[in-house]
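Me: Please take a close look at a single part of this model. I would like the core and the strands around it in one connected account.

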Amino acid sequence: ASDWSSDVCSSDLGSQSGSSLTVAPTTSTTYSVIGTNPGGCSDTAAVNVIVNSSPVLTVSGGGVICAGTSSLLSVNGANAYTWMPGNMTGNNVSVSPPTSTNYIVTGINANGCSSTASVSVVVGTAPAMTVSGGGTVCSGNNISLSASGANSYIWQPGGLSGSSITVAPTSPTTYTVTGADINGCVASSTVAVNVTAAPVVSANSSNQSICSGDLTTIYANGANNYTWFPGNFTADSLIVSPSSTTTYTVVGSTGIGCADSSFITISVNQSPQITFNGQTSICEGATTVVSASGAVSYVWQPGNILGNNIVVSPAATTNYVVVGTGSTGCQSTTTVSIVVNSIPIVIASGNTSVCTGNNTVLSSSGAINYLWQPGNLSGSSVVVNPTATTAFVVTGTDNNGCTGVDTVLVTVNQSPTVFSSASQNVFCQGNSTTLFASGASSYIWQPGNLTGSVVSVTPAVSTTYTVTGTTGSCGDTSTTLIVEIGRAHV
């Protein structure tokens, strides 16, 4: 029998029987062998198998890379390394596979023992980028650019991020967008923006300060097409009449849609509010004062008369026009009609000759209301009893308050004083008596309708005789009693 030893690696494990034995101990082990000859004799021998440890490999790197880039693979835990595929050596190798690849590294330590490890390199593809937007933009205007196909985006120039951006280039510019996917793989795309100069629009007016109710023209230039606000009117010029101060904005555009805007303010000065004062109805021949207020200065027509108060005496109904000018120079016009009413034609009538102490009725026509003087009597007909010849004046007023005058002269004639007497007031029946009258020009006796200043009567019974004496149109009466005392007896 004999002892011997051998070195194995921890990976050479296993067991066999027979004249030879393959073992794979996990630790250093002494193996004994018993040999028996054909005669049945046996002997023992021992062998010591020393187990050396295999290297423990640690691999780093790998993961996901983008096509065309490289990845650094590293390993430690052994003394020498071989990488497959590629048959690369060393603990650090740089790989750039065209497709995803599983790399296996074999490491050998100082005892010659080896181990293997693997690491995967996944090759990602660049994102398929799509860009939209671009084209032509007006100088100073914004334009939107958009990209899709990646997870994150960076735009240059500007360093803007996001799938959509808004830019306002002042000159033609090519924008580059770099998009990255979830693996960090990137792709780039470009979009061109052409810049066209915008029009320079200006707004003007024939008169920027107007009076209320006036017109002014606003107009624009610098573009091809124009739209005005308020109103949404499309024209290069407009005639406007704002009721209050208004700012008009005009948007002008060129044929390719570039636009600019401008504005103009039309100041509106309020016209004065003219108020008229005075009579609007007068009688023919009368004078009246008319006045206006609400302005600073005034001109009246007809007559071109200046001032807020004027005295007029129109012969017929007349329209007076007053133009008032305010402190801002704005004017207003007011028209007032002065109606001229005709004077009523008043006619007075009646008995114009009366006797002393008698009444007479005077009448008037041509008006509505009447007033008589003297006496301050009212009415269309009045009873007067003048004691002397008197001129009665009647003033008639119509519905317009206009008055007319007429005069009637009432002559007062002196009435006579008649006296009467008889030659005999008492006499016998059948006899006669003489009646006498005086004081008038003519006389009439009743009963009997006798005329004359001296009459003879033979009454059958006692009778009262009345004499009426008249001088001109006036008369007086007197009475005489004649007493008949009976017949004489024979």
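Reply: Two strands pair if DSSP finds at least two bridges between them. Strands are DSSP runs of E, at least two residues long, numbered from the N terminus. The model is predicted: local features need pLDDT of at least 70, side-chain atom pairs count only at pLDDT 80 or more, and totals for chains, interfaces and linings use all residues. Residues are numbered from 1 along each chain as its sequence is written, and side-chain values use heavy atoms, with hydrogens and water left out.

Start with the sheet. β14 and β17 run antiparallel and are joined by 4 bridges. Ser144 stands opposite Thr166 of β17. Both strands belong to an open sheet of 3 strands, ordered β12-β14-β17, with antiparallel pairing. β12 (130–133) and β17 are its edge strands, each pairing on one side only.

Now the core. A nonpolar core is a set of buried Ala, Val, Leu, Ile, Met, Phe, Trp, Tyr and Cys residues joined through side-chain atoms within 4.5 Å. Buried means under 20% relative accessible area (1.4 Å probe, protein chains only). The largest such core has 16 residues; Met129, Leu145, Tyr153, Trp155 and Tyr175 touch the most other members. β14 (143–148), β15 (152–156), β17 (164–167), β18 (173–180) and β19 (186–196) each supply at least two residues. β19 gives the most, with 4.

Take Trp155. Contact means heavy atoms within 4.5 Å. Leaving out residues up to four places away in sequence, Trp155 touches residues including Leu145, Ile165, Tyr175 and Val191.

Thr173 lies in β18. Thr173 is buried, at 18% relative accessible area.

Key:
Buried < 20%, exposed > 50% of the residue type's maximum accessible area, 1.4 Å probe, protein only.
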